[in-house]
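Subject: Handover of a structure

Dear colleague,

Please find below the structure that I am passing on to you.

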Amino acid sequence: MQSRYDVVIIGGGPAGLCSAISLGKTGLSVLLIERDPFLGGQLVKQTHMFFGSKEQFAGTRGFQIGTKLTEQTMSFHNITILLDTIASGYYPEENILLALQNDTILHRISFKKIILATGASEKFLLFENNAIPGIFGAGAVQTLMNVFGVLPGKEVVMVGSGNIGLIVSYQLIQAGAHVKAIIEAAPTVGGYFVHAAKIRRLGVPIFTKTTIKRAIGNENVEGVELIDMDEKWNMVAGTERQVKCDTLCLSVGLSPLSELLYQLRCEMKYIPELGGSVAIRDVTLKTTNPNVFIAGDVAGIEEASSAMLEGTIAGISTAESLGIHNIESKKIKEEANQFLEAMRAGVIGEKIRYGLSKVEGSHV
Amino acid sequence: MYKDKGFLELEELGTRLPSENRLENGPVAVIECIQEIPCNPCQDACPKGAIKKFEHINDTPEINMDLCNGCGLCISACPGLAIFIVWKNYSENEALIKIPYELLPIPTEGAQYSLLDRTGEIIGIGRVVKVQTVKTNPKSKTVWIAIPKPLCMEARNIRIGECK
């Protein structure tokens, strides 16, 4: 099947949906491509109340935000949505994007502008015996529990104390699992203190300066061997101890899903603070390829709140690049930029500010 | 330090801690939120205007203890579940705390449960006085618990099923 659109958006998570909503108002023909059979991206699994400000849905649970954005997107008649569809390759000579729907229908799509809101994938961790059943990424655990209603295990050790590790631990307890410990290689808890406090007062210990040496078990996880780490991130011999568990959950960071950006000939740069390889962009979120915009985790690993703001900015910038200007959307874009700047201004935003300073050519 | 351990010591609350005098004079909110994070819904939660409006979204909340009457509406507005009400002189022997609670089963009014401190250690027994549901956020309950007076600044959770 061959089709033409003014704008193609890849990814129906918080960033892609907000891009779609800002483009919905323009009347441009828009195609939104989503890999899953539903829209919302990671929002569908987020049962906790969001932080941020009320303009960014603070106090609302993530999945409810997903529902709101999905309904809004579906209300626009100029937005076509392809679910269960993987954007699998781009051919610059023909300006054709290939997308495979339901593993059966191949779409050949041409476009004037494209917004990449592909999100991120979970990082894995190297340790002995890490390929036995019972070892999950935190995102997979969330999908099993909160999308499919399946509890992956009864006794869990969580590796990583960032916000995802803390939140998924809390959700595991809500679902009836026993979280035996959260371990963290760094000397301090990675995520927000209030998330950690919620877990601690449920009796879950957080072991900092600790890593996993090996998983124990042949057929499936029967336990883990933990070990202390020194200031130079080396394992301290003699500090090994074993914890019994049937599930090991890894929450050790995310990497931007940037493969299509390479195919789209965008100039890329490896920025550890943003989680990996990201596209060089300007403040409008336009990459070095003037037809390509980015938003959300693919632009640098951050929170869903910033993904939504970036989605709005990228959507409006894309419309403007097609000659559609209006005062209202200009104002919305300015406000989104101000919110983003405010969110990133604190101590927590230091890392992301440093990362952005290395990729935003014309960052103000 | 709260950043190493994931829980705070009372002294880390500093001036955010209500004075002895204030604690004697009726219920008051204790906001255990001392790390600057981009979050501000609490500033709009107080009908008395006791929570100071933020200048910046990364500010930490400040509360005017004289304006606060301990109503507890702020509890369910906090996405971090970091706000508690402490009513030291609830009765002659008991204090009352109001805590946010998001686990099943929902506690039973009148039942006794283990009281936990900020590290999840059992420190005593509390009696659930009321389970409150706020319309805007029905899945998070606010649980009122009568507790031994000396534990009012330590008890911050209950555990169902392990009451000794």
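The following paragraphs set out what was found.

This is a predicted model, in which local features need pLDDT of at least 70 and side-chain atom pairs count only at pLDDT 80 or more, while totals for chains, interfaces and linings use all residues. Residues are numbered from 1 along each chain as its sequence is written, and chains are lettered from A and ligands numbered from 1 in the order in which they are written.

In chain A, strand 1 (residues 2-10) pairs with strand 6 (residues 105-116) in the parallel sense through eight bridges; strands here are DSSP runs of E, at least two residues, and helices are runs of H or I, at least four, numbered from the N terminus. Pairing requires that DSSP finds at least two bridges between the strands. Within strand 6, Ile114(A) is the bridge partner of Val8(A). Strand 1 of chain A also runs parallel to strand 2 (residues 30-33) of chain A, with four bridges joining them, and Val7(A) has Val30(A) as its partner there.

Chain A is assigned domain 1 (2-121 + 254-357) and domain 2 (125-250), with bounds from an automatic or database domain assignment. Their C-alpha centres are 31 Å apart.

Between the chains, 31 residues of chain B are in contact with 33 residues of chain A, contact meaning C-beta atoms, placed from the backbone, within 7 Å. Helix 1 (residues 2-5) of chain B gives the most to the side of chain B that touches chain A, namely three residues.

Yours sincerely

Conventions
Two residues are in contact if their C-beta atoms, placed from the backbone, lie within 7 Å.
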